[in-house]
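Me: I am new to this structure and would like to learn how to read its features one at a time. Could you take me through a few of them, giving the general idea before the particular case?

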Amino acid sequence: LALPGASGTAQFELALRLPQSRLEPLAGVAVLGHGTATLTFDAMTLAGESAVVALRCTLQRPWQIDYQEGRWQAGSGPQCALRGAQDELIIALRDATVERGAFALMADISGRVRDFTPQLTATFQAQREAENVVGALRLAQDARSWPIDFVAAADGERLRLSFDHVLNLPARALERSRLIEAGEVDLRAGSARYRGTLTRAGERWAGDVAVAFEALQLDVPALAEQKLALRPLTGEVALTLDERQGSFSGSLTAPIATPFTGTADWDSGRVNLAAPLSLSIDRPLLARLLRGWEHPVELTGGTLTGRLDYRGGPTDAGAERDAGGWILNGALTGGAGQLAGDPFTGLTLAWQASGSGAAYEWSTTDPGALTIARYDPGFPVTLKTLPLRLHADGEETQLELGAAQLELLGGQVDLAPARLSVDTLDGNLSLVFKNLALAEVLALHGDQIRGTGRLDGTLPLVLEAGALSIRDGRVDAQPPGGTISLDTALAQPSGQPGLDFALRALTDFRFSSLGGAVTYAPSGDLALALSLRGVNPAIERGRPIQYNLNVNNNVPMLLRSLQADRVITEQVEQRLNR
């Protein structure tokens, strides 16, 4: 058997059994009874692709065909099954008419095409006009329909399809069409209007299609685990198609505006996408992108730039699946926002990230490691540098911190490299502070106690299930010591001689040594067990005095008090400057 574009051999078998057929020419009716027709092609090669195709049609009940004055009409008739190596389609004829060169066909279509299972009703209407066949094809599934107009050359060499339709997108459509595997990012809901034309000349397809999508919801498994969801997407895309691939370009208009371009290869199913980003942040960004965002970080200002490159889709049939992947490079300058409810400004961050499936890696890039000009948890903090690396292999997610440096309370704090488990929020950190100003430390407790001197120390931090604690911390004053000056209002007689003496001595105390242990509980309670040695020249002719002090404070309450004082001060300053 020789067919255009075919090579190789074909074997077929035709079996027709119609034991109850009869013809009634006077009534113009032919009735075919129950029977089966089978046509089998074995080892056929078409257009370079091998396939095994079997066509089997069964008459489940008598099939009536009516002919009257040039008009043919066939009622509900045979059910035909087309089976191949990967496909199986069942077509059940519902109605067919032929009249004066025009014909119409209605059929139900079900089955499997490359593991995608359609359940469709097809309505086909056409008529011949000169050298062309003009008509319409309407596909329907439940309440959805897809109308397609077409013009085909009578010799079958040319075909033109045109369409304009709004489609409500079903959930998990990409997985159902086998473009992705289960558990990957997929569609959840949304709508799309697509319009355009497709033409075919010989073996070549070409065309232009415009798609506008609205309220497109993506199902992102990694976000769902955090009880988050990407906000609906709105945008448009224009596609240009040819025989081998399609190219597309468009823009996303919500939740943020960004253009994108890409290609799709028909043979391999691969999709490549590139999306550059340049965004001036003028309102909360993360809440703008994610539903359910209640995390302690938010961006409210700055300039965000970057580029996303994505490659994904299956390879050719029979080959291992190409997982593809994504690459995201970006930078943030002049960033402002909140961290744990406390404001920050001057955030600079440059990063690179990549991933494939459930595995990904995100890290800061040099020289753009994370820096913050000012962070205010109740007193100013400057983050000089903080290298980060976040990586996941699908089973475990870890955060690696490089050597970091902060400036606060007139001194410097160094963070040793560390590794934290993101899944369990466990890990150990080590802070070393140098040259902190005692004056700024005491100012946290108000202006009734002042001092001079410099402090060094170490704070071993332990993170367990997200709860922070300090064990075996240490603080010591640098030689030669410093001073502590307690407001005389706090040194008024109390009737307790020992306490009165201690407070009176601290009104002008010159210490030679100050040191002690530091502990911090997950509840926020800070405990200092201090040893203080020095003199007050006005007390007992400067005799040395030794203090052993236990100082306790709740840090969150202290910071809230400092923040409240800051807000009141700012309000007063604003009123005075009016």
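Me: Which residues are buried in helix α5 (residues 497-505)?

Reply: Please keep in mind throughout that this is a predicted model. An α-helix has 3.6 residues a turn, so residues three or four places apart point the same way. In helix α5, the buried residues are D500, A502 and A505, and the cover over the buried residues of α5 includes strands β40 (509-520) and β42 (545-554).

Me: How many helices and strands does the protein have, and what percentage of its residues count as buried?

Reply: The protein has six helices and 42 strands, and 33% of its 578 residues count as buried. Of the contacts with a separation of 6 or more, 45% are accounted for by residues 24 or more positions apart. The protein exposes about 33200 Å², of which carbon and sulfur atoms supply 56%.

Me: Is T397 buried or exposed, and which residues does T397 touch?

Reply: T397, which is found in strand β31, counts as buried because its relative accessibility is 12%, and the cut-off for buried is under 20%. Leaving aside residues up to four places away in sequence, T397 touches Y360, L390, H391, A392, L420, S421, V422 and D423.

Me: Where is E395 placed, and is E395 buried or exposed?

Reply: E395 is in the loop between β30 (388-393) and β31 (397-401), and E395 is exposed, with a relative accessible area of 76%. From E395 to D423 there are 28 residues in sequence, while the C-alpha to C-alpha separation in space is 9.4 Å.

Me: Which residues make the nonpolar surface patch of about 370 Å²?

Reply: That patch is made by Y67, W72, V98 and F103. One of these residues, Y67, has its place in strand β7 (residues 63-68), and Y67 counts as partly exposed because its relative accessibility is 39%.

Me: How many cavities of 30 Å³ or more are there, and which residues line the largest cavity?

Reply: The general idea is that rolling a probe the size of a water molecule over the atoms shows where empty space is left. In this structure the count comes to one cavity of 30 Å³ or more, and about 30 Å³ of space lies in the largest cavity. The lining of the largest cavity is formed by R188, Q217, L218, A229, L230, P232 and R291, and the elements that give two or more residues to this lining are β17 (204-219) and β18 (229-230).

Technical notes. Residues numbered from 1 in each chain as written. Predicted model: local features only at pLDDT ≥ 70, side-chain atom pairs only at ≥ 80, totals over all residues. Heavy atoms only, no water. Buried < 20%, exposed > 50% of the residue type's maximum accessible area, 1.4 Å probe, protein only. Helix = DSSP H or I, 4+ residues; strand = E, 2+ residues; numbered from the N terminus. Contact = heavy atoms within 4.5 Å. Patch = residues over 30% accessible without salt bridge, like charges linked within 9 Å, V, L, I, M, F, W, Y side chains within 5 Å. Areas by Shrake-Rupley, 256 points an atom, 1.4 Å probe, with all protein chains shown as cover. Salt bridge = Lys/Arg side-chain N within 4 Å of Asp/Glu carboxyl O. 1 Å grid on protein atoms, 1.4 Å probe; cavity = no way out; pocket = protein on both sides within 12 Å on 5 of 7 lines; lining within 4 Å. Points joined across faces, edges and corners; volume = space filled by probe spheres on them.
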